[in-house]
Amino acid sequence: MRWTDWEMRARAAEELNKLADTPQEIAKIVGCPVSLVKYWLNEEGVPSHLYLKKLYEIGCDILYIITGVRQNGDTNEK
């Protein structure tokens with residue numbers, strides 16, 4: 001498996017989009033500024049370890065965000 005930063009950013013955005021329909025709703029759930037959520041959703045960066053911990057606590061698959069492998073062992077690699 002080859003890991004790249006842009007893939008991690010895309011996976012983070014994918015998981016965040018599952019939380020809610022708008023950046024405002026996601027920010028409220030995660031407890032961070034809307035501007036930070038927009039940054040993540042635009043795939044310009046990834047949540048820091050503090051926000052990854054929060055995302056884990058609310059049910060996001062952070063293993064998938066970081067490695068590309070789902071907690072159930074599935075992978076999106078082809």
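**View 1. Trp40 and its surroundings in the predicted model.** Setting aside neighbours within four places in sequence, Trp40 is in contact (heavy atoms within 4.5 Å) with Arg9, Ala13, Leu16, Val30, Cys32, Gly45, Val46, Pro47 and Tyr51. Before you look further, please note that this is a predicted model, in which local features need pLDDT of at least 70, side-chain atom pairs count only at pLDDT 80 or more, and totals for chains, interfaces and linings use all residues. Residues are numbered from 1 along each chain as its sequence is written, and side-chain values use heavy atoms, with hydrogens and water left out.

**View 2. The largest nonpolar core.** Here a nonpolar core is a set of buried Ala, Val, Leu, Ile, Met, Phe, Trp, Tyr and Cys residues joined through side-chain atoms within 4.5 Å. Buried means under 20% relative accessible area, exposed means over 50%, and partly exposed lies in between, with a 1.4 Å probe and protein chains only. The largest such core has 16 residues, of which Leu16, Ile26, Val30, Val37, Trp40, Leu55 and Ile65 touch the most other members. Two or more residues come from each of helix 1 (5-19), helix 2 (23-30), helix 3 (34-41), helix 4 (49-57) and helix 5 (62-67). Helices are DSSP runs (H or I, at least four residues), and strands would be E runs of at least two, numbered from the N terminus. As general background, nonpolar side chains tend to be buried together in soluble globular proteins.

View 3. Val30 lies in helix 2 and, at 4% relative accessibility, counts as buried. Not counting residues up to four places away in sequence, Val30 touches Leu19, Trp40, Tyr51, Lys54, Leu55 and Ile58. For a sense of scale, Val30 and Ala12 are 18 residues apart in sequence and 13 Å apart in space, C-alpha to C-alpha.

**View 4. Where helix 2 crosses helix 3.** The two axes, of helix 2 and helix 3, come within 8 Å and cross at roughly 110°. That angle makes helix 2 roughly perpendicular to helix 3. Axes are lines fitted to C-alpha atoms, for helices over the stretch in contact, and angles run from 0 to 180 degrees between N-to-C directions. Angles under 35 degrees count as roughly parallel, over 145 as roughly antiparallel, 65 to 115 as roughly perpendicular and the rest as oblique. The crossing of these two helices, helix 2 and helix 3, is right-handed; a crossing is right-handed if the near helix is turned clockwise from the far one by less than a right angle, and left-handed if anticlockwise. At the meeting place, Pro23, Gln24, Ile26, Ala27 and Val30 of helix 2 meet Val34, Val37, Lys38, Trp40 and Leu41 of helix 3.

View 5. At 36% relative accessibility, Glu43 counts as partly exposed. Val46 sits in the loop between helix 3 and helix 4 too and is partly exposed, with a relative accessible area of 26%. Leaving out residues up to four places away in sequence, Val46 touches Met8, Arg9, Ala12 and Trp40. Val46 and Met8 are 38 residues apart in sequence, yet 7.2 Å apart in space, C-alpha to C-alpha.

**View 6. Asp61 in the loop between helix 4 and helix 5.** Asp61 is found in that loop and is buried, with a relative accessible area of 9%. Its side chain makes polar contacts (pairs of N or O atoms within 3.5 Å; within protein, one must be able to donate a hydrogen and the other to accept it, and residues adjacent in sequence count only if both atoms are side-chain atoms). The side chain of Asp61 reaches the backbone nitrogen of Tyr64 at 3.1 Å, and a polar atom of that side chain lies 3.4 Å from the backbone nitrogen of Leu63. Beyond neighbours within four places in sequence, Asp61 is in contact with Glu15, Arg70 and Gln71.

View 7. Arg70 is found in the segment after helix 5 and is buried, with a relative accessible area of 17%. Not counting residues up to four places away in sequence, Arg70 touches Glu14, Glu15, Lys18, Asp61, Leu63 and Tyr64.
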